[in-house]
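The exercises below are meant for a reader who is new to this structure. Each one sets a task, and a worked solution follows.

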Amino acid sequence: MEGNFGLARTYWIFGVLVGFLVGWLVENFWLGLLYWFIAIPYLFYWIAVSIGVWNAASKYRDNPWWGVLAQTSVILGFLATAYDLYDAISALLHSN
């Protein structure tokens with residue numbers, strides 16, 4: 001979470017690759033209640049990775065635009081995740 005793995009590794013491996021794999025599993029193997037056993041732990045993982053990306057971007061010195069773009073993607077990711085959580089919880093509450 002301190003951003004010590006470097007921006008590229010933190011963003012592309014821990015963020016994009018793992019996020020893609022989890023998203024693919026959830027989309028292709030919708031498992032009802034089991035979805036929440038994947039989604040909840042992944043949410044905490046994603047928050048930790050987002051903090052790590054933010055911190056790594058703050059430390060990145062080669063090209064400042066990569067840091068700005070990474071931090072922008074973290075902000076957009078939080079907005080998208082907040083909407084997805086609202087949508088999922090709303091669907092769960094109104095499923096009866």
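**Exercise 1.** Leaving aside its neighbours within four places in sequence, which residues is Thr-81 in contact with?

Solution. Note before starting that the model is predicted. Begin with the place of Thr-81, which is in helix H3, residues 64-93. With neighbours within four places in sequence left aside, the contacts of Thr-81 are Leu-43 and Trp-46. Next, take the pair Thr-81 and Trp-46: they are 35 residues apart along the chain, and their C-alpha atoms are separated by 9.7 Å.

**Exercise 2.** Describe the overall make-up of the protein: its elements, its extent and its surface.

Solution. Count the elements: there are three helices and zero strands. Read from the N terminus on, the order is α-α-α. For the extent, the C-alpha trace spans about 55 × 20 × 20 Å along its principal axes. For burial, 25% of the 96 residues are buried. The accessible surface comes to about 7100 Å², and carbon and sulfur atoms account for 72% of that surface. Last, look at the contacts with a separation of 6 or more: 71% of these are between residues 24 or more positions apart.

**Exercise 3.** Is Ser-50 buried or exposed, and what does Ser-50 touch?

Solution. Ser-50 is found in helix H2. The cut-off for buried is under 20% relative accessible area. Ser-50 has 6% relative accessibility, so it counts as buried. With residues up to four places away in sequence not counted, Ser-50 touches Val-74 and Phe-78.

**Exercise 4.** How many aromatic pairs does a search of the whole structure find? Classify two of them.

Solution. The search finds four aromatic pairs. One of them is Tyr-11 with Trp-12: the ring centres are 5.0 Å apart and the planes stand at 80°, so this pair is edge-to-face. The angle cut-off used in that step is over 60 degrees. As for accessibility, Tyr-11 has 24% and therefore counts as partly exposed, while Trp-12 has 54% and counts as exposed.

Another pair is Trp-46 with Phe-78, which is edge-to-face, with 4.6 Å centre to centre and 65° between the planes. This pair links distant parts of the chain, as Trp-46 lies in helix H2 and Phe-78 in helix H3, 32 residues apart. Trp-46 has 16% relative accessibility and so counts as buried. Phe-78 has 35% and so counts as partly exposed.

**Exercise 5.** Which residues form a nonpolar patch on the surface? Then check the accessibility of one member, Leu-21.

Solution. The patch is formed by Trp-12, Ile-13, Val-16, Leu-17, Phe-20, Leu-21, Trp-24, Leu-25 and Phe-29. Together these residues have about 920 Å² of accessible area. Leu-21 is found in helix H1, residues 7-28. Its relative accessibility is 44%, so Leu-21 counts as partly exposed. Trp-12, met above in an aromatic pair, is also one of the patch residues.

Terms used:
Residues are numbered from 1 along each chain as its sequence is written. This is a predicted model: local features need pLDDT of at least 70, side-chain atom pairs count only at pLDDT 80 or more; totals for chains, interfaces and linings use all residues. Side-chain values use heavy atoms; hydrogens and water are left out. Helices (H or I, at least four residues) and strands (E, at least two) are DSSP runs, numbered from the N terminus. Contact means heavy atoms within 4.5 Å. Patches are made of residues with over 30% relative accessible area and no salt bridge: like charges are joined within 9 Å, nonpolar side chains (Val, Leu, Ile, Met, Phe, Trp, Tyr) within 5 Å. Accessible areas come from the Shrake-Rupley method with a 1.4 Å probe; for residues, only the protein chains shown count as cover. A salt bridge is a side-chain nitrogen of Lys or Arg within 4 Å of a carboxyl oxygen of Asp or Glu. Buried means under 20% relative accessible area, exposed over 50%, partly exposed in between (1.4 Å probe, protein chains only). Rings of Phe, Tyr and Trp (its six-membered ring) pair if their centres lie within 6.5 Å; planes under 30 degrees apart count as stacked, over 60 as edge-to-face and the rest as tilted.
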